[in-house]
Amino acid sequence: MAKTTSELKNGNLMLKISGAIDEHFDFGQFKFEEIRALYINFSQAEAINSRGIVIWIRWFHDAISRNKKLSIFFMECPRVLVEQFNLIGSFVPKEAVIKSFELPFTCVACETQSSTMLIEGKDYALSEQSGLYDVYPPSMVCQKCGKPMELDVFPKKYFNFLNRGRVPLA
Ligand SMILES: [Zn+2]
C-alpha cells in the first residue's frame with residue numbers, strides 16, 4: 001500500500017514516500033505558503049505509472065504556484081524514479097535539487113546485483129566552470145565473489161537528468 005508520511009518542523013516539511021505512485025497516490029495537502037523547504041525521501045518508492053506521473057506533476061505545480069520561494073530537495077531517489085526523470089522532461093520541477101539517488105551495479109562474474117546511493121557534493125557536483133553537474137561514480141566490489149562490479153546503466157543516459165535544461169557556461 002502506497003503512503004506518504006509527513007513531518008513539519010520549523011517551516012521544513014519532510015515527506016517520506018513508500019509504495020507505488022499510481023492513480024490512488026496522495027502526496028497530501030499542506031500549507032505551502034508557510035513552508036520554506038520541502039524534503040522528500042523516495043527510498044521506499046517502488047514504482048510510478050503514467051497516472052501517478054500526472055498526479056505528481058500537478059501536485060508539484062500546485063505547491064510551487066502557491067510558494068514561488070519554496071526550496072525542494074529530493075533524497076534517495078531509486079532507479080525506477082531516475083529512469084522516469086530521464087524519460088519525462090517536466091517530471092523533476094526545475095526548483096528541485098536532487099540530493100541523492102541510486103546507482104545500480106552488476107557483477108559480470110557472478111551476476112549479483114547491487115546498488116549504492118550517490119550523494120550530492122561527494123559523488124556529483126555542479127561545476128562552477130561549466131555550469132553542469134560532474135558525476136564521479138564510486139567503484140564497487142561484489143560482496144559475493146569479490147570481483148569489481150560494473151555499472152548496470154549507461155552513464156551518459158542515466159545521469160542525463162542532472163543536466164537537463166542547464167546551459168553550459170563554457
Ligand atoms: Zn560477483
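User: What share of the residues of the protein count as buried?

Analyst: This is a predicted model. Of its 170 residues, 21% count as buried.

User: How many helices and strands are there?

Analyst: The protein contains four helices and ten strands. In sequence order, the pattern reads β-β-β-α-β-α-β-β-β-β-β-β-α-α. The radius of gyration is 17 Å, close to the 15 Å given by the globule rule for 170 residues, so the protein is as compact as a globular protein of that length.

User: What does the C-alpha trace span along its principal axes?

Analyst: The span is about 50 × 45 × 30 Å.

User: And contacts: what percentage join residues at least 24 apart?

Analyst: The figure is 66%, taken among contacts between residues at least 6 apart in sequence.

User: Now the sheet. In what order do the three strands of the open sheet lie?

Analyst: The order is β7-β6-β10, and the pairing is antiparallel.

User: Which strands stand at the edges?

Analyst: The edge strands are β7 (113-119) and β10 (150-151). Each has a single partner strand, so one side of each is left without a neighbour in the sheet.

User: How many bridges join β6 to β10?

Analyst: Two bridges join β10 to β6, which covers residues 100-106, and these strands run antiparallel.

User: Which residue in β10 is the bridge partner of F105?

Analyst: F105 has L151 of β10 as its bridge partner.

User: What do strands of a sheet pair through, in general?

Analyst: They pair through backbone hydrogen bonds, in either a parallel or an antiparallel manner.

Key. Residues numbered from 1 in each chain as written. Predicted model: local features only at pLDDT ≥ 70, side-chain atom pairs only at ≥ 80, totals over all residues. Rg over C-alpha atoms; globule rule 2.2 N^0.38 Å. Buried ≥ 20, exposed ≤ 12 C-beta atoms within 10 Å, placed from the backbone. Contact = placed C-beta atoms within 7 Å. Pairing = 2+ DSSP bridges.
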